[in-house]
Amino acid sequence: MTMATKLLRNLSLISRVNHTKTIHNTMSRHLSALQSDTVFSIQELTQKLTKEMGFGGGYSPMPSSRAHLVQYLPKSQNDLPSRSMRDSYLVALIPLSTNTRLQDKYTTFLGSVRVGRLLEDMDIFAVMVAQKHILNPDLPSGIPSPQTLVTACVDRIDFSDFVPKPHEDIKMSGHVSWVGRSSMEVVVWLEQSRYGTWHRITRALFLIAARDPTNARAAVVNPIEPADEREKKILAGGEKRKALRIASEKQHVSKVIPDGDEQKIIHDLYMKTKASDVSLKSVMLPPGGVWMEDCVISNTIFSQPENRNLHNTVFGGFIMRQAAELSWVLGFKFSKYRPKVKSISDIKFNKPIAVNSLIHMHAFVVFTHMQYVQITVYVETFDPQTGASETTNIVHFTYEVPELVKEVYPRTYQEAMMYIDGRRHFFEIMKPGSYDEGNMLEEEGGVTKSKL
């Protein structure tokens with residue numbers, strides 16, 4: 001490891017440790033006031049959500065219709081009362097300390113916690129938080145919620161350096177941090193207590209969309225009204241993140257030509273791989289490099305009813321878990337080290353996947369920098385009768401390993417666009433405070449304090 005690499009890692013570690021200490025100290029003060037009788041397990045909350053949505057019983061290829069609930073949908077946000085962030089605040093436990101069956105499901109072969117399992121729990125928990133935000137005083141008692149809630153995207157999931165263990169409970173908490181007309185941003189934290197101190201594992205930002213009972217069109221949700229100045233700052237951060245999402249989508253490489261600097265990067269990569277003779281057809285791999293086409297692995301999954309959500313489509317958390325585990329394997333093969341996930345970003349859910357679908361997943365190393373590996377996973381549904389496939393999800397992973405890694409080189413223009421896209425995601429992740437607008441984490445802690 002070079003001196004520059006060590007210095008970068010040390011500075012990054014110091015910054016993260018100081019930031020994490022601030023969050024831990026804040027959260028420990030808030031958690032000391034938490035009453036045990038207000039905390040449910042994630043399984044209990046899932047059962048509660050199922051009941052509120054009017055679902056019950058086991059799997060049926062033809063689920064019961066919710067079309068009759070359309071009559072209970074509000075016509076506009078003016079028909080619904082405003083809600084504050086503390087109104088949606090929710091806490092749940094993953095009871096690993098007392099449930100040995102869960103321990104087996106969550107344990108890695110190294111004795112840590114499987115990240116993929118946590119992604120599944122965060123996805124369903126974010127929907128629960130969004131459901132708690134929705135309040136319709138005119139809904140008759142006993143009538144299920146007419147809104148259908150789906151995960152539209154996951155903006156970002158950042159991981160701390162804390163390594164959770166599978167024999168201690170994990171606490172999940174979160175609240176709605178921004179609201180549009182039919183969408184809600186939900187922030188979710190995971191923490192684990194060790195030696196009497198709560199340690200943050202991760203923080204995630206989900207965008208939950210409300211649809212009508214038949215999932216055919218958008219449905220309105222309660223507007224948000226900040227309860228205090230702290231919530232106003234969090235809401236302002238949500239507005240900035242919305243603007244960033246829109247700007248990023250407009251500038252995607254599939255829609256806009258890369259800028260001048262990025263075009264130069266592409267040409268520099270070409271010059272590095274061009275053979276020394278005058279032929280433009282001859283290429284060679286530079287020392288310490290690897291072709292992107294050689295950094296790919298794929299798998300095929302046949303989804304089953306146990307992988308479904310309440311709407312009889314494949315559970316988004318299941319897709320995230322499978323993508324995470326495939327990307328980790330690729331990172332391991334590529335670097336020869338067990339990679340540590342630093343961040344997961346820009347998870348797109350372009351369309352639902354039917355239960356019984358054949359799902360293809362393709363993981364690519366699209367960019368590397370020093371000891372970091374950027375991996376993109378493309379999720380496709382495949383029709384074996386027609387041979388047609390359709391991309392339904394894209395997931396971006398940033399991993400870190402102990403040593404410098406090889407530089408990846410594209411050979412085609414398509415791979416060059418994947419390289420530029422991965423490079424953009426990586427440097428956005430590494431940008432200091434890029435997603436903590438207005439000291440967002442500290443403000444969120446304030447919401448927790450207000451609630452507790």
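**Before you start**

The model is predicted, so that local features need pLDDT of at least 70 and side-chain atom pairs count only at pLDDT 80 or more, whereas totals for chains, interfaces and linings use all residues. Residues are numbered from 1 along each chain as its sequence is written, and side-chain values use heavy atoms, with hydrogens and water left out.

**The whole chain**

Of the 452 residues in the chain, 51% are buried; buried means under 20% relative accessible area, exposed over 50%, and partly exposed in between, with a 1.4 Å probe and protein chains only. The accessible surface comes to about 21,400 Å², and 54% of that surface belongs to carbon and sulfur atoms; the areas come from the Shrake-Rupley method with a 1.4 Å probe, and for residues only the protein chains shown count as cover. Among contacts with a separation of 6 or more, 77% are between residues 24 or more positions apart, a contact being heavy atoms within 4.5 Å.

**First stop: helices H2 and H4**

Select helix H2 (residues 42-52) together with H4, and you will see two axes that come within 10 Å and cross at roughly 50 degrees. Such axes are lines fitted to C-alpha atoms, for helices over the stretch in contact, and the angles run from 0 to 180 degrees between N-to-C directions. H2 and H4 are therefore oblique to each other, in a scheme where angles under 35 degrees count as roughly parallel, over 145 as roughly antiparallel, 65 to 115 as roughly perpendicular and the rest as oblique. H2 passes H4 in a left-handed crossing; a crossing is left-handed if the near helix is turned anticlockwise from the far one by less than a right angle, and right-handed if clockwise. Now show the side chains that make the contact, including Leu-45 and Leu-49 of H2 and Phe-125 and Met-128 of H4. The residues of this contact divide into 7 nonpolar, 2 polar and 2 charged, where Ala, Val, Leu, Ile, Met, Phe, Trp, Tyr, Cys and Pro count as nonpolar, Asp, Glu, Lys and Arg as charged, and the others, Gly among them, as polar.

**Second stop: from H4 to H7**

By class, the contact of H4 with H7 has 4 nonpolar, 3 polar and 4 charged residues.

Is Ser-327 buried or exposed? At 0% relative accessibility, Ser-327 counts as buried, and leaving aside residues up to four places away in sequence, Ser-327 touches Ile-375, Val-377, Phe-397 and Tyr-399.

Move on to Lys-336, which lies in the loop between H7 and strand E9 (340-349). Most residues other than glycine have a negative phi, but Lys-336 has a positive phi of about 70 degrees although it is not a glycine. With 64% relative accessibility, Lys-336 counts as exposed.

Next select Tyr-195, in the loop between strand E5 (183-194) and strand E6 (197-211). Tyr-195 is not a glycine either, and has a positive phi of about 55 degrees, while its relative accessibility of 82% means that it counts as exposed.

Select Thr-381 in strand E11 (residues 372-382), a residue that is buried, with a relative accessible area of 16%. Its C-alpha atom is separated by 9.5 Å from that of Thr-300, 81 residues apart along the chain. Not counting residues up to four places away in sequence, Thr-381 touches several residues, including Ile-353, Leu-358 and Thr-392.

Definitions and conventions:
Helix = DSSP H or I, 4+ residues; strand = E, 2+ residues; numbered from the N terminus.
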